[in-house]
Amino acid sequence: MSGTERAIAFRLNGEAVSADAPVRMHAADFLRHRLGWTGTHVGCEQGVCGMCTILVDGAAIKSCLMLAVQLDGAEVTTVEALAEGDRLNAAQESFKRHHALQCGYCTPGFLMLAESLKASGRTLSRAEVREELVGVLCRCTGYENILRAVEEYLNADEPEASR
Amino acid sequence: MSAPRQSLIGAALPRKEDDRLLRGDGLFTDDVQLAHQLEMAVGRCPFPRAAIGAIDVAQARALADVRHILTGADVRAASEPLTVLRPVPGAPLLPYYALAGEEAIHEGQPVVSVVAASRAIAEDALELIDIDYEPLPHVTDTLGALADDAPVLHRETLPSNLLTSNVDRAGEPEARLAEAPVVVEGRFHVNRVSALPMEARGIVAHWRAGARTLEVHASTQTPHLIRQQLAECLPLDEGCIRVIASDVGGGFGMKLGLYPEDVLAVLHAMALRRPVKWIEDRLEFFRASTQAREAVHEVRIGAEADGRIVAITNQYTTDLGAWNSTYGSAQLSSVVFTGPYKVADAAVERRVALTNKTPIGAYRGYGQPEVNFALEVLIDRLARRLDVDPLELRRTNMLRPEDLPWTTPSRAVYDNGDYLKTLQMAADAVDYDAHRAVGRECHDDGRLTGIGFASFVERTGYASARFLAGRGSRFGAHESVVLRANRSGGIDLYTGVSTFGQGSETAFAQVCAEVFGIDYEAITIHAGDSGASPLNTGAFASRTLIAAAGAIREAADALRDKTLRIAAMVLQSTPDALEVHGRAVRVADEPGRTVSLADIFTRAIIGQGISEDEAPGLEAAAHFEPSHASFSFGTAAAVVSVDLESGEFDVERFVMAHDCGVVVNPPLVEGQVRGGLVQGLGAALAEELRYDASTGQLVSGSMLDYFAPTIMDVPPIDLLHTEIPSSITPFGVRGVGEVGTIPPAAAITNAVCDALADYGVEISTLPLTPERVWQALSAARNAREPR
């Protein structure tokens, strides 16, 4: 299978990963089915629904639109990295407090998007937060509680402040 | 005496489901990965209708790592047609096999399936399979399918594409219409839409031949019903089958019952004796998962000059698609066709039409949004015709609290409520009187403002198994629960209700904790595993809590009685002097005299340290069947501004005033209503599964072409509640799962027509796009000049 797979090395949630990636497999499938990290979900495989949003070198990326081999050399973060031991992180706590999830299928995508917004350090108005969240779909909540949760998370000075 | 604990019914407790889902620790179907697992891909008919000739699988079979291929003939030899859980009364069964035989009758119908080492290889193999298709004449239009010259889909069984028709009626509506001073009528087209859960369907089937056990992981709302249907379709006893639905990424009614791919995965798994996984991709989803809603309603309303409605008739045609899916097309339109209004003379005729399209199935609201659109838009037309205020017209005709309970012309019984109150709340919230005083033209930019209302009732739950039997349904009305004490001093709650976002784990635990008195945190939910839960019905029809609350109450009472008996012996007291507090039992008047639940439960479980009269074990099962359905109700109001030149419009505000009886968990209720509203708004304004009439192809069958609402598409929504306990359900709860989908289309259409009332614009077709408004405006302008 050497012609159809390629060796890649990258960092995933702080740990070094070396693996063979099928050249026609997208990054989301690779994370889920080759590495067993199933917290990242897949919803459309055409870059619309945003279920598969992860952080690649700090940027929120729809990982179904990226080939696994493109992860080579990258710093990758998925939803599994967010909680601190048994404690949810501030974004997760905010989602829980605001009932910002129902079936939970889109939740990892929104959380990773929220992390990228937080890391950018930008101060965003409510309208701007809304615009930033347009790339992930949710069919359960009607979005209002997701907006509230993300807004509160972004406005908290320190992660601990919102606990 | 210690202070009584605050009731948990109505408490905004954190959800049981959240932590695992927030951490990416949920277990969705595609997260299941079994050793030696293979993957399935399905080849689908590219034509709306085609005769299937030779199928050449030789090349595909020769491809490396391809393990098994099934065609229609194989499926006929090994399985029965998919069974229907909700047959249409009076209609013949249409044998529906998992793969097409000599003819396929909708685009996307499964024709061949392949199992290989990976999905990618299975898809490569599909490319190598040569199928002789001969396209045949097709029909995709709902009413066109009933024309005399339409090609008939099921020629062996039916003389036409009319599967059946049935009538519900009371009084003499035709006579009342004939003598009514005012009659309005309209033909309303309701669009075909998708429930579109973010997780599509999926199944992992594992046949352990030696154990004669079929273990199935499936993304379903009804694990026990899937188990029943698998046993009906396959040469297997139900006892051999275990269906597990762990986390389900949204259902909305679409994940009820068996689908062809479920049977295929099981057939492959049994032939190969290896686990087989099938995960529906999104392109398949749009063609393979049941679609929803499409219907044409022809409604007439007769009224006195003072606005009193004397008769309503509705003849509607509901589009079934090519087959009767497990649940089939909507029947609820007939149940609520008179809405919240006091009308004694009324008739409804439901006609079910077959078309060469993907089968229709259940979707949140299931007939109620469709008929609400037709009725409420026509009510506003009646108001304009009579020149009375639409709010006043509704007030005149609405059932009053003293009219309830009310038996409708289709013999549904509305329980108690105050419909007028929610109407007034919605009107007040949008400042309706001020709007009326200011008039429609209040924007500087020339945009016109309009306000529209839609009032509704929502049938929640089923009356009884007897009621369902009368309608031909092959499932019960009950829910069931097993409560089992554990040695940590907690309670395990086992339910067949799977978890797909509705929050049932949380609500069930709240009810159990409330009745037993134990900490909410001490209850562990085990949901959705047919091998570890009592036989139940499943989560649909806004029925779960109505039925489950009764079962949980009964089981928790039984568990509590025994707990207190044993504790009374230990504490040398009497059961009625004791109370459960946290994780202990104590003497109510002497809180210091206490024994832990861990101690009591352990004694009971192992049968040591209990009275000789007590049997060991501490476990209770209960089944509860409601005696009636309960009707939630409310009124929505929309405020729009319309651009007169382009037809573009904004929904500036949307208000929903509603009642779902006693609320168990307020954030859950708000989440259900808000989420349903946004689905309803999407269906009203943008979503549509469009088929090209000449080619029979689905032309909006991808996420890029099907416009589900994003966060930017949602208008400001205000929710208002009344909380009138239902007089007929446990704890006074009513269902709330579907209510949001019902009124958006009518409320917004009425608002747009209100804004454009001076131009005589009438709108009867969904989705309500700016283009459609512009066309209606142009047509109205051509017909007459502004008043």
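In β5 of chain A, A:T77 is the residue opposite A:L55. Helices (H or I, at least four residues) and strands (E, at least two) are DSSP runs, numbered from the N terminus. This is a predicted model: local features need pLDDT of at least 70, side-chain atom pairs count only at pLDDT 80 or more, and totals for chains, interfaces and linings use all residues. Residues are numbered from 1 along each chain as its sequence is written, while chains are lettered from A and ligands numbered from 1 in the order in which they are written.

Strands β3 (residues 53–56) and β5 (residues 75–77) of chain A run antiparallel and are joined by two bridges. Two strands pair if DSSP finds at least two bridges between them. An open sheet of five strands in chain A has the order β2-β1-β5-β3-β4, with mixed pairing. Its edge strands are β2 (15–22) and β4 (59–62) of chain A, each pairing on one side only. From one strand to the next, the twist averages 45°. Axes are lines fitted to C-alpha atoms, for helices over the stretch in contact, and angles run from 0 to 180 degrees between N-to-C directions.

A:I61 lies in strand β4 of chain A. A:I61 is buried, with 23 other C-beta atoms within 10 Å. A residue is buried if 20 or more other C-beta atoms lie within 10 Å of its own, exposed if 12 or fewer, and partly exposed in between; C-beta atoms are placed from the backbone. Not counting residues up to four places away in sequence, A:I61 touches A:T53, A:I54, A:V56 and A:M66. Contact requires C-beta atoms, placed from the backbone, to lie within 7 Å.

A:G109 is 48 residues from A:I61 in sequence, and 9.5 Å from it in space, C-alpha to C-alpha. Helix α3 (residues 107–120) of chain A lies across β3 and β4 of chain A. It runs at about 35° to β3(A).

**Helix α2(A)**

Helix α2 (residues 90–97) of chain A has six of its eight residues buried, so it is largely enclosed by the rest of the structure. The buried residues are A:A90, A:A91, A:Q92, A:E93, A:S94 and A:F95. They pack against α3 and α5 (144–155) of chain A, together with α1 of chain B. Just after α2(A), A:H99 takes a positive phi of about 50°.

**The side of chain B that touches chain A**

Contacts between the chains involve 41 residues of chain B and 40 residues of chain A. On the chain B side, α1 (18–22) and α18 (666–685) are the elements that give two or more residues. α18(B) gives the most, with seven residues. By class, this side has 20 nonpolar, eleven polar and ten charged residues. Ala, Val, Leu, Ile, Met, Phe, Trp, Tyr, Cys and Pro count as nonpolar, Asp, Glu, Lys and Arg as charged, and the others, Gly among them, as polar.

**Strands and a helix in chain B**

Strand β2 (residues 50–56) of chain B pairs in the antiparallel sense with β4 (residues 103–104) of chain B over two bridges. There, B:A51 has B:E103 as its bridge partner. β2(B) also pairs in the antiparallel sense with β6 (residues 130–135) of chain B, over five bridges. B:P135 in β6(B) stands opposite B:A50.

In α20(B), B:V773, B:A776 and B:L777 are buried. They cover an arc of only 100° around the axis, which puts them on the same side of α20(B). The arc is that of the directions from the helix axis to the C-beta atoms. On the other side, B:E771 and B:N782 are exposed. The buried residues of α20(B) pack against β26 (630–642), β27 (649–659) and α19 (744–755) of chain B.

Notes
Contact = placed C-beta atoms within 7 Å.
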